[in-house]
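Here's a friendly walk through the structure shown below. Keep it open while you read, and look up each spot as we get to it.

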Amino acid sequence: MNFPTIDFGWLGNGNLIGAMAVLHVMINHAVAIGGCVLMVSVEYKACRDNNPALEAYARWLSKWIMIITTTVGAMTGVGIWFTTTVILPDAIGSLLRIFHWAWFTEWLVFVSEVILLLTYFYSWDRWKGEQKKYHLRIGVALCIMSWFTLVIITGILAAQINPGDWTETLSFWDAFLNPTWVPSTIFRTFAAITLGVAVLHVMNRWLVKGLRDRVTVQRIFGKWLAFSVPMMLISGIWYLRSLPDQAQILVKWASGMSETAFLLINAGGLLLIFILAVTLMDGKPKVPIVLTVFTAVFSLLLITEFEIIRENIRKPYVIYNYMYANGVLKSDVERLSKEGMLANATFTAVREITPDNQLQAGAELFRMQCIACHSIDGVRRSRAMTERAAGMSQEALAGFIPVMHEIRDVMPPFAGTQEEIDALAAYLAAMVNDPDTAVVAKDEEVSSD
Amino acid sequence: MPYLYKTESPVPNDLGLVVPGNLPFFEVLIVVGFILHLIYVNIVVAGSVNAVVFEIRGIVKGDRVADALGLQIATLVSMHKSIAVVLGVAPLLIISTIYTQFFYPSTILIGKWWLMLIPLLILSFLLLYVYKFTWQRWQHRKRLHLAFGIAGAAILLFVPLLFITNVASMLQPELWEGAKGFWDSLFRYPTIWQRYFHFMAASFSIIGMYMYWRGRRLSRKTGDPVHALAMKYGKGSALIFTVLQMLAGPILLLSMHVEVRASFLGGSVFHTSLLAVAVALALILIVLLYRLYQADSRRLFAAAAAVLLTILLLMSWIRHEVRELYLAPYAEQVPRTLQHER
C-alpha cells in the first residue's frame with residue numbers, strides 16, 4: 001500500500017463515496033442536464049409564441065438551476081474526487097494518470113458551462129424582440145456543454161468496467177474508446193432527460209398558474225419524456241450487452257433484489273414513467289398528484305439503484321482486470337503474498353508480526369485491504385463484518401480468507417503471507433466476537449485523523 | 001505510534017502508470033492555472049468580508065450608499081465563486097497527477113477535514129445566495145440578513161486553512177510521522193499561518209484593485225455615488241494591503257526551511273533574482289498606488305494593474321520553485337514514474 005489509510009467507521013468508507021456520487025448524479029442528470037434542456041425548450045416556446053408567462057417560468061427555472069448546480073451540484077462533483085482521493089487513492093491516482101487529458105478537457109467544458117450558465121441567468125433582460133434569439137442560443141450552448149461533461153466522464157466510468165485492450169496496450173484511446181462508452185452515454189443522456197421531467201414537472205403545478213400555459217409546458221415535458229423512455233430502454237439493453245460477461249451475470253445480484261422483484265420494479269417503474277408521459281401530453285391541466293409525486297421519487301430511486309448496480313458489477317475490480325476494488329494491483333498479488341503486505345507498505349505501524357502486535361497488524365491489514373468496502377460494524381448491514389463474519393472463529397476466518405475469491409466472485413484475493421492471514425483473522429474474530437479485548441488493538445491503530 | 005519506513009524515505013513509491021505528459025508543460029499549466037484560480041478566490045474571500053463590512057457601515061451610519069455597495073459586492077461574490085470553484089479543478093488535477101506521492105499522503109492525513117470542505121462550501125455558498133437574494137426584501141430585518149453574510153464569510157475565511165495545511169504538509173514529509181489530523185497539522189508545519197497572512201493580505205489588495213477598476217468603469221456611465229465610494233475604498237485597500245505584503249512576504253520567507261530560504265537569499269542566482277524582481281515590482285506597485293490614492297488617473301491605474309498581474313504571476317512561479325526546492329531530495333530518493341518499465 002502506497003498511502004495512509006483512513007477509517008470512517010460506522011458510516012463505511014465505500015458508502016461515503018457512493019452517497020456523494022448518487023447525490024451528484026441526481027443533481028447533474030435531473031437539474032444540470034435534464035433541467036437545462038427543459039428550461040431552454042420552454043424558453044424556445046415562449047419566444048415562438050411570444051408568451052411572457054412561459055418566459056417567466058423559464059427564468060424562474062434558470063435561477064434555481066443556477067443556485068442548485070453551483071452549490072450542491074458543483075461541490076458534490078468535486079466531492080466525488082475528494083472522497084475517492086482520501087479513500088481509494090491508488091484507484092483515482094491511476095485513473096488520473098490514464099485519463100488526465102480527458103479530465104483536462106472536461107475542465108475546459110466545465111469552465112464554459114459555468115460561464116454560459118452565469119451569462120444565461122444574468123442576461124434575461126439584455127435582448128428584446130427579435131434579438132431574444134441570442135439569449136436562446138446561449139441556452140442551447142449551455143445544454144450542449146452540460147451534455148459534454150456527461151459524454152467525457154462516461155468514457156472514464158465505462159473504461160473502469162470495460163477497459164477494452166487498454167490492459168495490454170496502456171493506450172489512452174484504447175481505454176477511452178471502449179465498447180461500453182457509446183451505449184452508456186446514450187443511456188445516461190436519456191436517463192437525464194427522464195429524471196429532469198420526473199423531478200421538475202412537480203413544479204409546473206405551482207408555478208405555471210395559467211391553465212393554458214400549464215398545458216403547453218406539460219406537452220413540452222411530455223414529448224421529451226415519451227421520446228426518452230423508449231430510448232433509455234433500447235440503449236439500456238445495448239449497454240448491458242456491452243459489459244463483460246461476468247458483470248452481466250452480476251446485475252441482478254448487485255441490485256440486492258430477487259429476480260421477480262428486480263423485473264417488476266424496473267419494468268413497472270419505466271411503464272409508470274411512460275404513463276406520466278402520456279398523461280402530460282394528454283392536454284389536461286391537472287395531472288394526478290399521486291402520479292406526480294410517485295414518479296418524482298421513484299425516478300430518483302431508479303437512478304440510485306442504477307449507480308449502485310454499476311459500482312457493484314465491476315467487482316472484484318475497480319479498474320477491470322487491472323486493479324482490485326481495494327486498490328491492490330492484480331499483478332502484485334503474487335509478489336505481496338510472498339513478501340508480505342506490511343513489509344511493502346509505506347504507512348504502517350507494524351512491519352513484522354509478533355504475538356504482541358498481532359491484533360494491531362490485523363487492524364492495519366483490515367484498513368489496507370478490506371475497508372474500501374467493509375466496516376467492522378455499520379449502517380450497511382451487508383458490508384458489516386459483525387453481520388458477515390458473525391459467529392466465525394479465528395480458525396474459520398483463517399481458512400476462508402485465502403479462498404474467499406474462489407468462493408465469492410465479487411471478492412478480490414487476499415494479498416499477503418500466511419502470518420498476515422492469521423493476523424487479519426485474529427483481528428476480525430476479536431472485533432466481531434469479543435470487541436472488548438479488541439478495543440486495545442483498535443486504540444493502538446494508526447489513526448490518520 | 002512511530003511509523004516504520006521501508007526505506008529511509010517517508011515518501012511512498014510512485015504509482016506504476018506513467019505521468020502522462022511532459023513535466024515542464026505540466027509545470028507551466030499549473031503555475032498559470034493556479035494563479036487564475038487564486039485571483040478569483042482572493043476576490044471571493046475578501047469580497048464576502050467587504051460586503052458585510054459595507055452593510056454594517058450602512059447600518060451604523062445610516063449610509064444608503066454603503067449599503068448599495070455591499071449589495072453590489074455580494075452579487076459579484078456570488079458570480080465569482082462559481083468561477084473560482086471551477087478554475088480550481090485544473091491545478092488540483094495537475095497537482096494530483098504529477099505530485100501524487102506527496103499530495104495524496106498529505107491529503108489523506110487530514111482526510112476527514114478535507115472532506116468537510118464539501119459540506120462547508122455548499123453551506124457557505126447557499127448562505128451567500130440567501131444573503132444576496134434577500135438584500136432588498138430584508139431591508140427591515142437587517143440583523144437576520146447580516147447573520148447570513150457573516151456566517152457565509154466566516155466559512156470562507158476558514159476554508160483556505162485547509163488548502164494551505166495540505167500544500168504545506170506535502171512539502172515536508174519528514175514531519176508526517178505522528179501527524180494526527182487537521183487541527184494538529186495546523187500547528188505542526190511551520191509555514192501555515194505565515195502563508196495564510198500572505199494570502200489574506202493579497203486578497204484585500206486584489207479586491208481593492210478590482211473594486212477601483214469596476215467603480216471607475218461604471219462611474220463613467222452614471223454619476224452614481226456608489227461607484228465613487230467603490231473607487232475610494234478600493235484604492236485605499238489596495239495600497240494598505242500591498243504595503244502589508246512587504247511584511248507578510250519576509251515573514252513567510254523566514255518560516256521556510258533554512259536551505260530553501262538560503263536559495264532565495266543569495267544561495268541560488270536564479271531563485272534570488274526571481275524574488276528580487278518580484279520585490280522590486282512590489283515596491284514600484286506601492287509607489288504607483290500611493291500616487292493613485294492622491295489623484296485618480298487612468299494611466300496610473302493601468303500601470304498598477306499591469307505590475308500587479310506580473311507580480312501575481314511571479315508569485316505563482318516562486319511558489320512552484322519553493323515546492324521544487326522542498327521536494328528535490330525526496331524526488332531523488334523516490335522518483336516519479338516517467339517511463340513504463342516494459
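A:Lys45 makes a salt bridge with A:Asp49, and their closest N and O atoms sit 3.4 Å apart. (To count as a salt bridge, a side-chain nitrogen of Lys or Arg has to be within 4 Å of a carboxyl oxygen of Asp or Glu.) Both A:Lys45 and A:Asp49 belong to helix 1 of chain A, 4 residues apart, or about one turn of the helix. Helices here are DSSP runs of H or I with at least four residues, numbered from the N terminus.

The cut-offs are simple: buried is under 20% relative accessible area, exposed is over 50%, and partly exposed is in between, using a 1.4 Å probe and protein chains only.

## Before going further

This is a predicted model, where local features need pLDDT of at least 70 and side-chain atom pairs count only at pLDDT 80 or more, while totals for chains, interfaces and linings use all residues. Residues are numbered from 1 along each chain as its sequence is written, chains are lettered from A and ligands numbered from 1 in the order in which they are written, and side-chain values use heavy atoms, leaving out hydrogens and water.

## Helix 1 meets helix 4

Back to helix 1 of chain A, which covers residues 13–49: it packs with helix 4 (residues 132–161) of chain A at an angle of about 160 degrees, and the axes are 10 Å apart. Because of that angle, helix 1 of chain A is roughly antiparallel to helix 4 of chain A. Axes are lines fitted to C-alpha atoms, for helices over the stretch in contact, with angles from 0 to 180 degrees between N-to-C directions; roughly antiparallel means over 145 degrees.

How many salt bridges does a search of the whole structure find? The count over all chains is 18. One of them links A:Arg97 to B:Asp14, with the closest N and O atoms 2.9 Å apart. A:Arg97 is in helix 3 (residues 89–122) of chain A and B:Asp14 in the segment before helix 1 (23–61) of chain B, so this pair joins two chains. A:Arg97 is buried at 3% relative accessible area, and B:Asp14 is buried at 12%.

Over in helix 11 of chain A, A:Arg310 and A:Glu307 are 3 residues apart, so about one helical turn separates them. Their side chains meet in a salt bridge of 2.9 Å, N to O, and both residues are buried. Shared partners tie A:Arg188, A:Glu307, A:Arg310, A:Glu311 and A:Arg314 into one salt-bridge network.

## A nonpolar patch

A:Val297 is also in helix 11 of chain A, which runs over residues 289–312. A:Val297 is partly exposed at 46% relative accessible area. Together, A:Ile289, A:Val290, A:Val293, A:Phe294, A:Val297 and A:Leu301 make a nonpolar surface patch of about 570 Å². Patch residues have over 30% relative accessible area and no salt bridge, with nonpolar side chains (Val, Leu, Ile, Met, Phe, Trp, Tyr) joined within 5 Å and like charges within 9 Å.

## Two loop residues

In chain B, B:Gln172 lies in the loop between helix 5 (142–171) and helix 6 (181–185), and at 5% relative accessibility B:Gln172 counts as buried. B:Gln172 and B:Arg323 are 151 residues apart along the chain, yet 9.7 Å separates their C-alpha atoms.

In chain A, A:Asn344 sits in the loop between helix 12 (333–339) and helix 13 (358–369). A:Asn344 counts as buried at 16% relative accessibility.

Definitions and conventions: Accessible areas come from the Shrake-Rupley method with a 1.4 Å probe; for residues, only the protein chains shown count as cover. Angles under 35 degrees count as roughly parallel, over 145 as roughly antiparallel, 65 to 115 as roughly perpendicular and the rest as oblique.
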